[in-house]
Amino acid sequence: MDLISIQDAVKIIQNHIPPVRTEQLSIEQAAGLVISQDVLARDDSPPFTNSAMDGFAVKWSDVAGAKESNPVKLHIIGESRAGIPFHQPVEPGQAVQINTGAELPEGADTVVPVEHTLQEEDHVVITGVTGKGQFIRPAGAELKSGDVLCKAGTNLTPGCLGMLASQGFDSINIITRPRVSLVVTGSELIPYDLKPGPGQIRDANSIMLTSVINASNAQIVFNTRTDDNINAVRQGINKAADAADLVIVSGGVSMGPHDLVKPAARKVGFEKLFWGVRQKPGKPLYVAKREQTLLIGLPGNMVSTLNCYAFYILPVIKKMAGKTFEHKKVKAVMNKSFSNTDNRTLFLRVRLKTSGNKTMATPFAKQDSHMLTSIGQAHGFILVEPNGTVEKNQKVEITLYPWSL
Ligand code: AMP
Ligand code: MG
């Protein structure tokens, strides 16, 4: 196994990310996804000129200069309500009672809020104004029909969904949720709700991977568990690859006689991009490609699986979903020293504790790749060079795990 660096592994994977797919979905299903084409406004916004306040629609020529010492009395001829416009024009000396969002009646050009009026039966007394056109929301002031409403690449946030609904879009072109398949290998594995027989272990990787994939922007379209049997692994990988653009395999990529993922993948047409990274955990990480379909084979040790998912696979899924993504990083101070006695780069898992403006990082004492406590309770990791040491009180940069954000 010729080991490559973490940086080279990231570069190779980045160069082979499956292309995005697009489809049309209802705006309800599209929440949180990314728009694949510019969307143009169908209507002006606001669609009609309306009032920004509860008050009275009037003619500026009637009320200019009105104040408490110089009140203006107008005749109320009706009401314009939200959803029930008033259809008669306002003539000199007249006012129409109006609500927020209600259409401005013809002839009116100004709204006087209730606060600056006194109402006397069918008359209103205006006691203050600031300017012509006050408290009016003109039609098209925000958007004109044909303006760009949402640019391609925009995340469908609640605000965007609201804009689309306001403009009567019931469906929208979006980037499809990345289609991911999961193949979990290992003859020793049993479902977690069964009692292990001799030598058997409960499958932990399936639930870890399904939960993190479901929390990403991807959809799991195929999921299987196979024995370490070449035909079973081959069939599993083939079906997985037919169904999805990204195939994630757990286990079976090491050096043992029962590590069959590489030969099985080769048999169904995958070509190796690399096998082996100078890293701990996750040394035998395997990446291959068949046409546009990417296969990432994760070493089965639980920490390797989860750490490699967070570091390598999540960015792939984000890119396939049309999202921008960078691992979030924070600065901290080491609480303890830790020496990496290996000649591979170590993902040193740490817990963070913040008090005041200081964040301390405590490395887990037990960092082996089967010791799930070292990642289950970790906030992130520090990359420690081969044979390097991080000293107590040293300032370090922690890459946060996506689930601790
Ligand atoms: P492998 O990468 O298949 O050689 O597996 C390495 C170690 O991880 C072995 O001790 C396996 O039993 C363990 N392992 C593999 N798959 C799983 C899994 N799905 N859940 C828990 N442990 C696993
Ligand atoms: Mg195995």
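## Pockets and a ligand: worked exercises

Ligand 1 sits in the largest pocket. The model is predicted.

**Exercise 1.** Which residues surround ligand 1, and how do they divide by class?

*Solution.* Start with the shell. It holds 15 residues. The closest are Glu188, Asp203, Ala204, Gly252 and Gly300. Now sort the shell by class: 6 residues are nonpolar, 5 polar and 4 charged.

**Exercise 2.** Find the polar atoms of Glu188, Gly252 and Asn301 that face oxygen atoms of ligand 1 within 3.5 Å.

*Solution.* Take the side chain first. A polar atom of the Glu188 side chain lies 2.5 Å from a ligand 1 oxygen. Next, turn to the backbone. A polar backbone atom of Gly252 is 2.9 Å from an oxygen of ligand 1. For a polar backbone atom of Asn301, the distance to a ligand oxygen is 3.2 Å. Finish with the surface: ligand 1 alone exposes 480 Å², and the protein buries 78% of that.

**Exercise 3.** Describe the space and lining of the largest pocket.

*Solution.* The space comes to about 510 Å³. The lining has 33 residues, with Gly251, Pro299, Gly300, Asn301 and Met302 closest to the centre. By class, 11 are nonpolar, 14 polar and 8 charged. Elements giving at least two lining residues each include β13 (179-185), β15 (201-202) and α7 (302-320).

**Exercise 4.** Which element gives the largest share of the lining of the second largest pocket?

*Solution.* This pocket has a volume of about 420 Å³. Its lining numbers 22 residues; Val10, Phe311, Pro315, His327 and Lys329 lie nearest the centre. Two or more residues come from each of α1 (6-14), α7, β26 (380-384) and β28 (395-400). The largest share, 6 residues, belongs to α7.

Technical notes. Residues are numbered from 1 along each chain as its sequence is written. Chains are lettered from A and ligands numbered from 1 in the order in which they are written. This is a predicted model: local features need pLDDT of at least 70, side-chain atom pairs count only at pLDDT 80 or more; totals for chains, interfaces and linings use all residues. Side-chain values use heavy atoms; hydrogens and water are left out. A residue is near a molecule or strand if one of its heavy atoms lies within 4 Å of it. A polar contact is a pair of N or O atoms within 3.5 Å; within protein, one must be able to donate a hydrogen and the other to accept it, and residues adjacent in sequence count only if both atoms are side-chain atoms. Accessible areas come from the Shrake-Rupley method with a 1.4 Å probe; for residues, only the protein chains shown count as cover. On a 1 Å grid over the protein atoms alone, a cavity is a set of points where a 1.4 Å probe fits but cannot get out, and a pocket is an open set with protein on both sides within 12 Å along at least five of seven lines; lining residues have an atom within 4 Å of a point. A molecule sits in a cavity or pocket if more than half of its atoms lie within 2 Å of its grid points. Ala, Val, Leu, Ile, Met, Phe, Trp, Tyr, Cys and Pro count as nonpolar, Asp, Glu, Lys and Arg as charged, and the others, Gly among them, as polar. Grid points are joined across faces, edges and corners, and a volume is the space filled by probe spheres set on the points. Helices (H or I, at least four residues) and strands (E, at least two) are DSSP runs, numbered from the N terminus.
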